[in-house]
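Keep the model open as you read.

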Amino acid sequence: MSYQLNGNTIEATDNGYLVNHEDWNEDVAGVIAQAEGVNLSDKAWEVINYLRDEYFNNNGNQPNERNMVKHFKSVWTDVAKVDAKTLYEHFPMGPAKQAGKIAGLPETKRKGGY
């Protein structure tokens with residue numbers, strides 16, 4: 001599988017994850033999100049940036065949904081209730097895996113969010 005951006009081919013695995021995380025930028029994220037049917041709202045970008053920060057600055061950590069909810073409860077003070085459903089509103093196929101794919105991270109092998 002691959003993605004096309006500005007006449008360039010960006011290689012991806014059969015599941016749509018980037019082969020080389022250095023190929024990632026915000027334009028690439030947009031192409032992946034479009035292929036996934038995801039609208040990149042400001043909150044979605046916050047999730048993507050959080051996952052990238054955790055992965056690259058915390059020894060390859062890829063938070064599961066429970067840890068993501070815990071983090072965003074303290075960050076999204078403008079949202080009445082932050083739970084897994086809130087994250088699924090931005091990434092309907094799973095906030096940890098789908099957002100990780102859009103963030104250009106390797107595929108996580110964990111099975112569920114909890």
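A residue counts as buried when its relative accessible area is under 20%, and as exposed when that area is over 50%. The model is a predicted one. By that cut-off Lys101 is buried, because its relative accessible area is 11%.

Where does Lys101 sit? It belongs to helix 5, which spans residues 95–102. Leaving aside residues up to four places away in sequence, Lys101 touches Tyr3, Asn15, Gly16, Tyr17, Ile32 and Glu36.

Tyr3 and Leu5 make up the covered face, while Ser2 and Gln4 make up the uncovered one. In a regular strand, side chains alternate between the two faces of the sheet.

Strand 1 pairs with strand 2, residues 8–11, in antiparallel fashion through 4 bridges. Gln4 finds its bridge partner in Thr9 of strand 2. The hairpin of these strands has 2 residues between them, and Asn6 there takes a positive phi near 50°.

Beyond residues up to four places away in sequence, Ile102 touches Trp24, Ala29, Ile32, Ala33, Glu36, Val38, Leu40, Ile48 and Phe91.

Ile102 is part of the largest nonpolar core, a set of 31 residues. Val47, Phe91 and Ile102 have the most contacts inside this core. Which elements give two or more residues to it? They are strand 1 (2–5), helix 1 (26–36), helix 2 (42–57), helix 3 (65–75), helix 4 (84–90) and helix 5. Helix 2 gives the largest share, 6 residues.

Now take helix 3. Its buried residues are Glu65, Met68, Val69 and Phe72. Down the helix axis, the buried residues fall within an arc of 100°, so they line one face of helix 3. The general rule is simple: an α-helix has 3.6 residues a turn, so residues three or four places apart point the same way.

What does this buried set pack against? The buried residues of helix 3 meet helix 2, helix 4 and helix 5. On the other side of helix 3, Lys70, Lys73 and Ser74 are exposed.

Finish at the start of helix 3. There, a side-chain oxygen of Asn64 reaches to within 3.2 Å of the backbone nitrogen of Arg66.

Note on methods
Residues are numbered from 1 along each chain as its sequence is written. This is a predicted model: local features need pLDDT of at least 70, side-chain atom pairs count only at pLDDT 80 or more; totals for chains, interfaces and linings use all residues. Side-chain values use heavy atoms; hydrogens and water are left out. Buried means under 20% relative accessible area, exposed over 50%, partly exposed in between (1.4 Å probe, protein chains only). Contact means heavy atoms within 4.5 Å. A nonpolar core is a set of buried Ala, Val, Leu, Ile, Met, Phe, Trp, Tyr and Cys residues joined through side-chain atoms within 4.5 Å. Two strands pair if DSSP finds at least two bridges between them. The arc is that of the directions from the helix axis to the C-beta atoms. A polar contact is a pair of N or O atoms within 3.5 Å; within protein, one must be able to donate a hydrogen and the other to accept it, and residues adjacent in sequence count only if both atoms are side-chain atoms.
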